[in-house]
Amino acid sequence: MGGRGKRIHPLPYADPNLPVQPRSMDPSKDLAAYGYGSVAWKERMESWKQKQESLHQMRNDGSGKDWNGDNDDADLPLMDEARQPLSRKIPISSSQINPYRMVIIIRLVVLGFFFHYRVMHPVHDAFALWLISVICEIWFAMSWILDQFPKWFPIERETYLDRLSLRFDKEGQPSQLAPIDFFVSTVDPLKEPPLVTANTVLSILAVDYPVDKISCYVSDDGAAMLTFEGLSETSEFAKKWVPFCKNYCIEPRAPEWYFQQKIDYLKDKVVPNFVRERRAMKREYEEFKVRINALVAKAQKVPDEGWTMQDGTPWPGNNVRDHPGMIQVFLGQSGGHDVDGHELPRLVYVSREKRPGYNHHKKAGAMNALVRVSAVLTNAPYMLNLDCDHYINNSKAIKEAMCFMMDPLVGKKVCYVQFPQRFDGIDRHDRYANRNVVFFDINMKGLDGIQGPIYVGTGCVFRRQALYGYDAPKTKKPPSRTCNCWPKWCFCCCCFGDRKTKKKTAEPKTEKKTRLFFKKAENQSPAYALSDIEEGAPGVETEKAGIVNQQKLEKKFGQSSVFVASTLLENGGTLKIASPASLLKEAIHVISCGYEDKTDWGKEIGWIYGSVTEDILTGFKMHCHGWRSIYCIPKRPAFKGSAPLNLSDRLHQVLRWALGSVEIFFSNHCPLWYGYGGGLKCLERFSYINSIVYPFTSIPLLAYCTLPAICLLTGKFITPELTNVASLWFMSLFICIFTTGILEMRWSGVAIDDWWRNEQFWVIGGVSAHLFALFQGLLKVIAGVDTSFTVTSKGGDDEEFSELYTFKWTTLLIAPTTLLLLNFIGVVAGISNAINNGYESWGPLFGKLFFAFWVIVHLYPFLKGLVGRQNRTPTIVIVWSILLASIFSLLWVRVDPFLAKNDGPVLEECGLDCN
Ligand SMILES: O=c1ccn([C@@H]2O[C@H](COP(=O)(O)OP(=O)(O)O[C@H]3O[C@H](CO)[C@@H](O)[C@H](O)[C@H]3O)[C@@H](O)[C@H]2O)c(=O)[nH]1
Ligand SMILES: [Mn+2]
């Protein structure tokens with residue numbers, strides 16, 4: 001991990017010859033955006049209101065002025081439908097958002113008075129309790145502020161797919177939609193079943209987009225022949241599946257989920273052949289599934305001599321930690337057509353080289369390898385990355401993204417379009433808040449009104465140029481990288497041509513389809529020397545300048561002229577003169593493990609290294625470069641994935657996320673210090689800070705959850721006896737907290753149970769996984785213990801929810817279990833004590849019991865998970881009966897184990913010095 005000294009990189013590539021755009025920072029605009037209640041803010045509100053009105057008018061008379069908020073003064077003349085903006089911002093209605101904002105302000109004021117009271121009124125006979133609780137409360141208040149204010153300007157968006165097709169995809173004309181490369185990452189075929197990956201790949205190949213514009217790259221970090229063979233089977237099955245999807249417009253286009261739908265599949269279907277074809281296809285899919293199962297069964301036991309491929313050669317990836325890079329192209333122009341004779345999208349298997357002694361950077365490293373391979377082979381200007389279990393659920397998803405990316409006005413500044421993560425197969429009550437609804441439907445909408453949502457690792461369409469570490473273009477004039485402003489050596493880039501010309505001149509395939517392409521490590525060298533690229537570029541001077549430039553770029557992007565040349569093509573396209581075989585050779589070169597040495601990969605370019613939550617870091621970097629991102633929520637969820645169902649797996653996932661945040665906190669990319677003076681907006685920074693400091697909240701949370709038990713056991717409390725004024729502040733604070741919650745649910749449409757699950761899991765995760773993450777993170781910083789990326793298993797499709805009830809013991813369970821026990825004991829002790837001491841002691845007890853109750857209800861789903869299903873009812877009954885039994889027995893015997901006398905030598909017993 002880099003030192004903390006080098007934090008700010010004002011202009012990382014200040015090379016005069018490079019098309020670096022100065023950052024688009026407009027201080028006046030930024031101030032206006034964040035000075036709540038200031039004059040500027042009021043003006044902004046006014047102009048917004050005016051805009052709303054004119055917008056309304058425009059809708060009514062159907063004129064097409066650009067009203068996409070980002071370009072206030074862009075004057076598009078009134079034009080026909082095809083020239084209208086492709087998307088629109090929909091602010092939350094003021095009747096919903098204004099009360100919400102008002103309550104937030106009130107809450108802030110009340111909080112001030114609350115703390116004034118708390119600080120001025122220490123509890124003298126329980127000073128430690130008071131001090132700890134006040135510190136915790138201050139911390140909670142601060143984390144509330146970090147979480148709350150990025151939700152000040154929530155927005156939603158609407159896309160116009162019909163306008164997109166009118167403009168770029170007219171019928172009867174060659175489509176002008178931009179090409180896109182799909183990335184799928186997989187690592188362990190046992191935890192991530194090949195059938196799951198196959199479904200994802202099939203949903204990509206069948207997506208509703210021109211075939212010649214899409215390519216699918218699958219990264220196999222496990223170098224598993226099972227994955228490879230699974231993909232080979234998948235490519236064969238795709239020849240039947242893809243035309244079926246397209247002919248009958250079915251959704252979703254992942255067969256497993258399509259056939260599993262419990263809806264009337266004949267609804268809206270009018271083609272007479274459909275029923276017959278569907279039946280046949282279902283059969284085909286079942287046969288395919290069995291073939292995959294057979295592969296999986298075969299892969300259970302590794303033969304002594306390792307795996308052998310069908311042609312008899314040994315599988316190059318037999319040693320997972322030490323193997324060459326492998327690439328295999330399935331389908332595509334020369335890989336056979338579908339059963340209707342149409343072309344299929346390219347499907348590329350990629351397993352990057354692994355050697356001992358190299359840091360492979362987990363998923364981020366895999367993604368960067370794909371960025372380079374795809375740049376060499378297809379170089380689409382956009383790419384979409386998906387985890388192997390996240391299939392395309394809405395075949396129009398890519399078009400949705402293009403409504404932003406290809407919009408001439410909004411698009412240029414957009415680095416990525418993030419879709420919310422949605423899940424299948426979660427238990428109805430979503431016990432462990434797997435759906436994360438609060439995050440995806442509240443926080444992310446809030447961020448979209450500022451600088452855009454954070455990147456969540458999957459379901460995200462990127463602009464390739466934004467991943468290359470460039471600053472965002474200025475608002476007014478989007479950059480045009482035409483060749484006349486470039487040194488001559490770049491001329492050859494222009495003859496790379498775009499895909500369409502390439503398609504026509506495609507060369508005969510030289511590789512036999514079944515042969516896997518890989519190369520031994522010893523003689524890895526660039527397949528293209530600089531001279532190849534410069535062929536035909538006249539002029540010694542310019543040539544020299546070109547070489548210098550080229551060298552600079554190679555220092556940044558690595559030693560591949562083909563790759564470097566590809567980075568200069570803003571609109572994509574590849575080298576026309578090269579044969580597929582030589583391109584594959586180059587592709588092997590760019591996935592070799594030494595390739596990234598001494599380059600900017602993972603530091604400034606591509607997916608950023610240094611954290612197991614590479615996603616936060618990667619998005620953060622782009623926002624620092626002044627890009628904005630877009631949050632797109634189509635009616636039909638764009639992508640769907642799976643989530644860990646049982647308690648232990650879920651806690652481990654949350655542990656990894658929290659650990660990733662702690663890693664970022666201690667890295668030089670910590671949002672608290674990094675990137676000032678760049679393009680990162682203030683509230684956006686708040687949100688990033690929130691997303692990396694939250695594991696630290698686990699410490700005050702743990703303390704706060706222990707307090708009620710201690711209070712009950714000792715008979716002390718964290719506040720002195722409340723005066724009327726004081727209880728007024730307490731009450732108002734409670735009411736404010738409650739109302740913000742309610743109003744938030746109202747504008748976002750999140751249901752109360754989702755919201756409540758989120759609260760519960762915040763406590764459960766907080767006192768277990770986040771706490772551990774903190775320790776592991778510190779261990780990493782102090783002792784250099786490396787962190788690992790444990791993938792979650794993407795369950796099978798066996799018995800429904802059986803996963804939910806599996807119980808696996810892990811140390812993560814200790815802290816919450818102890819808390820639960822302590823609070824139960826506290827309740828028992830408190831009640832029995834009150835009974836012993838007569839009527840007047842019930843009043844103060846009430847507050848403490850409420851406090852303990854708060855802890856117990858938050859941990860309730862945890863208790864359920866602990867208890868499991870087999871003896872679900874009995875065990876809970878047992879727990880409760882133990883509780884009640886002890887209360888009554890204590891009452892009966894009238895002994896009090898915790899209080900010897902009424903006025904308290906208890907303090908020594910609990911170990912707290914409360915004075
Ligand atoms: O060395 C590795 C480790 C993981 N992966 C892939 O990373 C993805 C995510 O792994 P998963 O176990 O499903 O993690 P989740 O917690 O479910 O994933 C969320 O959180 C991750 C960050 O921790 C993000 O990378 C993911 O995109 C996001 O969906 C999977 O496709 C893996 O195949 C690799 O390619 N190489
Ligand atoms: Mn996952």
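Contact here means heavy atoms within 4.5 Å. The structure is a predicted model, in which local features need pLDDT of at least 70, side-chain atom pairs count only at pLDDT 80 or more, and totals for chains, interfaces and linings use all residues. Residues are numbered from 1 along each chain as its sequence is written, chains are lettered from A and ligands numbered from 1 in the order in which they are written, and side-chain values use heavy atoms, with hydrogens and water left out.

The protein has 915 residues, of which 55% count as buried. Buried means under 20% relative accessible area, exposed over 50%, and partly exposed in between (1.4 Å probe, protein chains only). The secondary structure comprises 31 helices and 14 strands. These are DSSP runs numbered from the N terminus: helices are H or I with at least four residues, and strands are E with at least two. Among contacts with a separation of 6 or more, 82% join residues 24 or more positions apart. The protein exposes about 40,000 Å², and carbon and sulfur atoms supply 60% of that area. Accessible areas come from the Shrake-Rupley method with a 1.4 Å probe; for residues, only the protein chains shown count as cover.

Two domains are assigned. Domain 1 covers 103-151 + 678-793 + 811-893, and domain 2 covers 162-473 + 599-643. These bounds come from an automatic or database domain assignment. The domain centres, taken over C-alpha atoms, are 40 Å apart. The contact between them takes 33 residues from domain 1 and 33 residues from domain 2.

Ligand 1 lies between domain 1 and domain 2, because both give residues to its shell. The ligand is surrounded by 24 residues, and the closest are K363, D387, E614, T792 and K794. A residue counts as near a molecule or strand if one of its heavy atoms lies within 4 Å of it. The shell holds seven nonpolar, eight polar and nine charged residues. In this division, Ala, Val, Leu, Ile, Met, Phe, Trp, Tyr, Cys and Pro are nonpolar, Asp, Glu, Lys and Arg are charged, and the others, Gly among them, are polar.

A polar side-chain atom of Q653 lies 2.9 Å from one oxygen atom. For E192, a polar side-chain atom lies 3.0 Å from a ligand oxygen. V612 contributes a backbone N or O atom, 3.3 Å from an oxygen of the ligand. Taken alone, ligand 1 exposes 690 Å², and the protein buries 95% of that. Strand 3 (180-186), helix 10 (362-377), helix 20 (614-624) and helix 21 (647-665) each give two or more residues to the shell. Helix 21 gives the most, with three residues.

Strand 3 also holds F183. F183 is buried, because its relative accessible area is 1%. Beyond its neighbours within four places in sequence, F183 is in contact with Y217, M367, L370, V371, S374, M383, L384, N385, L386 and W607.

Y217 also pairs with T378, side chain to side chain, in a polar contact of 2.6 Å. A polar contact is a pair of N or O atoms within 3.5 Å; within protein, one must be able to donate a hydrogen and the other to accept it, and residues adjacent in sequence count only if both atoms are side-chain atoms. T378 sits in the loop between helix 10 and strand 7 (382-387). T378 has a relative accessible area of 1%, so it is buried.
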